[in-house]
Amino acid sequence: MENISSLLITIILLGVLVIAHEFGHFIIAKKNGIWVQEFAVGMGPKIFSRTKGDTEYSIRILPLGGFCRMEGEAEDGASSSTSFLSKSVGARMAVMAAGPVMNFLLSFLMIFGLTCTTYTATPVIKEVLPDSAAAAVWRLATGFKKLTEKRFISMMNCNIHCSPTTGKA
């Protein structure tokens with residue numbers, strides 16, 4: 001069950017990434033007067049398709065990418081005022097750069113969202129190998145219990161003695 005939920009979360013996050021990326025291409029193409037023939041999420045045969053305005057929006061069977069098909073992008077010779085190739089080099093560069101820019105903005109949005117939550121991951125130590133460095137540190141920390149000073153610092157639920165004057169263990 002855990003593997004299935006991990007797979008679903010991965011597919012959903014990949015979908016969000018693809019939608020943001022393709023939306024970047026889409027919105028800048030529309031702003032530059034380029035006809036976007038299809039905005040698709042996924043690859044392969046269509047599962048769902050709807051036309052709104054002059055653009056077809058579709059969801060495809062394989063959730064591994066997407067595309068934004070624009071008129072004149074394939075260099076087939078046909079050119080109109082709304083084709084990709086009829087626009088200036090600056091407009092075409094803006095359309096091509098908009099996808100990665102949206103991914104960059106999405107990453108900042110996700111990092112901001114994660115840092116605003118109160119969730120913190122706390123490591124849990126299940127086992128300490130007997131001849132490891134961690135075992136040596138644990139033996140050293142438990143040896144400090146014999147000292148008589150009253151001041152202690154708590155680190156990872158281990159009380160480590162500190163000298164009140166020098167701050168050294």
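Which strand gives the most to the nonpolar patch? Strand 2 does, with four residues. This is a predicted model.

**The surface patch.** The patch covers about 680 Å². Met43, Ile47, Phe48, Ile59, Ile61, Leu62 and Leu64 make it up. Strand 1 (36-52) and strand 2 (55-70) are the elements that give two or more residues to it. Ile61, for one, sits in strand 2.

**The core.** Nonpolar side chains tend to be buried together in soluble globular proteins. Here the largest nonpolar core has 11 residues. Among them are Val18, Phe26, Ile34, Phe39, Cys68 and Val95. Helix 1 (2-31), strand 1 and strand 2 each give two or more residues to this core. Ile34 touches Ala29, Met70, Thr82, Ser83, Phe84, Lys87 and Val95, leaving aside residues up to four places away in sequence.

**Salt bridges.** The structure holds four salt bridges. Three of them are listed here.

| Pair | N to O distance |
|---|---|
| Lys30 and Asp54 | 3.0 Å |
| Arg60 and Glu38 | 2.6 Å |
| Glu56 and Lys46 | 2.5 Å |

Lys30 is in helix 1 and Asp54 in the loop between strand 1 and strand 2, so this pair ties together parts 24 residues apart in sequence. Lys30 is partly exposed, at 30% relative accessible area. Asp54 is partly exposed too, at 43%.

Arg60 in strand 2 and Glu38 in strand 1 are 22 residues apart. Both are buried.

Glu56 belongs to strand 2 and Lys46 to strand 1, so their bridge ties parts 10 residues apart in sequence. Glu56 is buried at 18% relative accessibility, whereas Lys46 is partly exposed at 41%. Shared partners join Glu38, Arg60 and Arg69 into one salt-bridge network.

How values were computed: Residues are numbered from 1 along each chain as its sequence is written. This is a predicted model: local features need pLDDT of at least 70, side-chain atom pairs count only at pLDDT 80 or more; totals for chains, interfaces and linings use all residues. Side-chain values use heavy atoms; hydrogens and water are left out. Patches are made of residues with over 30% relative accessible area and no salt bridge: like charges are joined within 9 Å, nonpolar side chains (Val, Leu, Ile, Met, Phe, Trp, Tyr) within 5 Å. Accessible areas come from the Shrake-Rupley method with a 1.4 Å probe; for residues, only the protein chains shown count as cover. A salt bridge is a side-chain nitrogen of Lys or Arg within 4 Å of a carboxyl oxygen of Asp or Glu. A nonpolar core is a set of buried Ala, Val, Leu, Ile, Met, Phe, Trp, Tyr and Cys residues joined through side-chain atoms within 4.5 Å. Buried means under 20% relative accessible area, exposed over 50%, partly exposed in between (1.4 Å probe, protein chains only). Contact means heavy atoms within 4.5 Å.
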